[in-house]
Structure formats: structure tokens, C-alpha cells
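Hi,

Here is the structure I promised to pass on.

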Amino acid sequence: MAGTPLARAERFIWLTARVLEQRRFAYHFLGAGADPVEAALAAYLNEDGGYGHALDPDLRGPVSQPLHTAHALRVLDSIGRCGGLRAERLCRYLTGVATRDGALPVVHPSQRGYPAAPYVPVTAEPTSELLATGPVVGLLHRNQVWHAWLFRATDFCWAAVDVLDKSHPHEIQAAVAFLDGAPDRSRAEAAADRLGRLVRGQRLVVLDPARPDTCTVSAGYAPDERHYPYDYARVPDSLARRWFTDEEMERSLDHLAGRQEADGGWPVRRGVWAPCTALEERPITTVEALRTLRAHGRLVH
């Protein structure tokens, strides 16, 4: 196995990753159990039911944040631990930090006084954001979680998706995450078709990795922060997979596989604003790159 992409990634993970990413790698690729992953994730859990302590490296400090809690939800979903008391506790926290219309802000004002990435500004009166709400609502629906907060949050997501006519890749990814889990499948498919035309029409995707300049870099993004088909369609059954031809998808997966660096890890495309964030983000990016490649049948285990 020495020298394979997975073997090189494994060495990178053991050498550089936090305990959480080490255990996630072991669960997804080495046959380890889910309990150690959940135990590592619990270190970031606060008494209010939310997650903090820089679980998402872009927000430092101990306080719970929607961004951290969404990250925790993705981890729980990936190990099949997204229901029961875990979901109830998480929804109770989300209810407490929701805006007046029941949605989530990207950053709650409690972050004030702690370091945060410049591209996630902290404001006294944050607005409702599809960017924060869509992925959470989509995953909860996909796991058949029902909670009073979800009704208003779902209505917000539908309203936000329906009026999207100019966007940026991270917001589109959030919309896809919502649509992939939304219970109304026919409405989700119709909305996804429209978003696919928007993504291609506004050049929010690199369709040919040999010509990256054909993709628009959105305002506030890092100079090389372009998105590819695999960024939107992380798994083959995502509604976003329909946006791309087989050839376009295969080229993008070739590109993703080719981005593995000499040390075995994948690079972070977002702007680096503090040394520790880059160190913590690369193992997260590496685990997700491997999961994407395997989901599309491109990783020999």
C-alpha cells in the first residue's frame, strides 16, 4: 500500500491532524468505529448544546457558533449519529441563536472579543443567511429529524433559494446541501435545475481545469479560490451532479486527485489569515477530498 494516494494521505493525517480528523480518517478509511469520532467531537461541545473551541478553524475561542455546530452536524451525519437526543440538543441551541425569521446567521455576536477570519465579520445584528441555514436544514431533513425550529428554517431556505438570481459558490453549495435533503423532491429538483443554469451562466465553475481563468472568482474570495464540479456534487446522487456532463465531472475529479501534494495532504484554497488555521484546515480538506474521490469511485481502498 506504500506510495498510494491513500497511504500518503494517512501519513499526512497522523503527522499533522487534530485528534478529530485522525479519528475521522480511521473511521472512513481504516475500518475503525464511530464511538471514537463522537468522543473527539464531544470535546468541542458546550453546555448550551452548541459547538465551539475552533471546531471550524475560521472562528477561534470557546463560544458556540452556528458555523461550528454545522461542522459538528456534518461529522455526525458522516458517522450515522445524527438523530435522537443529539439532534434534539443541537436544535435547541439553533433555536436560541436563530434570527427573527427563524434562520441562522453565519456568526453570532457572542464571537465578539475572539479572533475570527476577516471574511466572516462579526456584527451586532447579524442577518439571516442561506449560507449558514441551508446545510443544517438539509442534513436534518435527510436524517428525518423533526423539530419546531425546522419549519420556519425550511420556509426561509425555500424563500432564499427561490429568489437567487446572482450568487457565489459557497452560497450555491449551501443551497445544494438544502435541496439534497429537502422533503419536497419535485420542488427541489426544479430549483436545482435553475441553479445549475445560474452556475454555468455566471461562470461559477471551472468546467475545464486546463482553462481555470474561464471561471469568475467571486468578490472576497482568495485569488485562486475557484470551484469545480466536484465542489458542488460531492456525491454522485447530489442534484448538482446533473449540472455537468460525464466528461466535465471526470476532468474535475482528475484535477482533484492531482492536487494531492508531496506530503500527502490537499491544499487549502481559502485565504490564510493565521498560521494555525492553515495547519488545522488542511487535514479537514484532505479527509473531504478523499471522501469525494471515493464516493465517485476514484479511490482504491
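Searching the whole structure for disulfides, meaning pairs of cysteine sulfur atoms within 2.5 Å, turns up zero. Cys82 is in no disulfide, and the nearest cysteine sulfur, that of Cys91, is 9.0 Å away. With 4% relative accessibility, Cys82 counts as buried (under 20% relative accessible area; exposed is over 50% and partly exposed in between, with a 1.4 Å probe and protein chains only). Cys157 is buried too, at 0%.

Before you go further: this is a predicted model, where local features need pLDDT of at least 70 and side-chain atom pairs count only at pLDDT 80 or more, while totals for chains, interfaces and linings use all residues. Residues are numbered from 1 along each chain as its sequence is written, and side-chain values use heavy atoms, leaving out hydrogens and water.

On to the rings. Arg187 lies over the face of Trp158, 4.1 Å from the ring centre (the criterion is NZ of Lys or CZ of Arg within 6 Å of the ring centre and within 35 degrees of the ring normal).

Finally, Pro236 sits in the loop between helix H10 (229-232) and helix H11 (246-258); helices here are DSSP runs of H or I with at least four residues, numbered from the N terminus. Pro236 is partly exposed, at 42% relative accessibility. Leaving aside residues up to four places away in sequence, Pro236 touches Arg241, Ala295 and His296 (heavy atoms within 4.5 Å).

Best wishes

Conventions. Helices (H or I, at least four residues) and strands (E, at least two) are DSSP runs, numbered from the N terminus.
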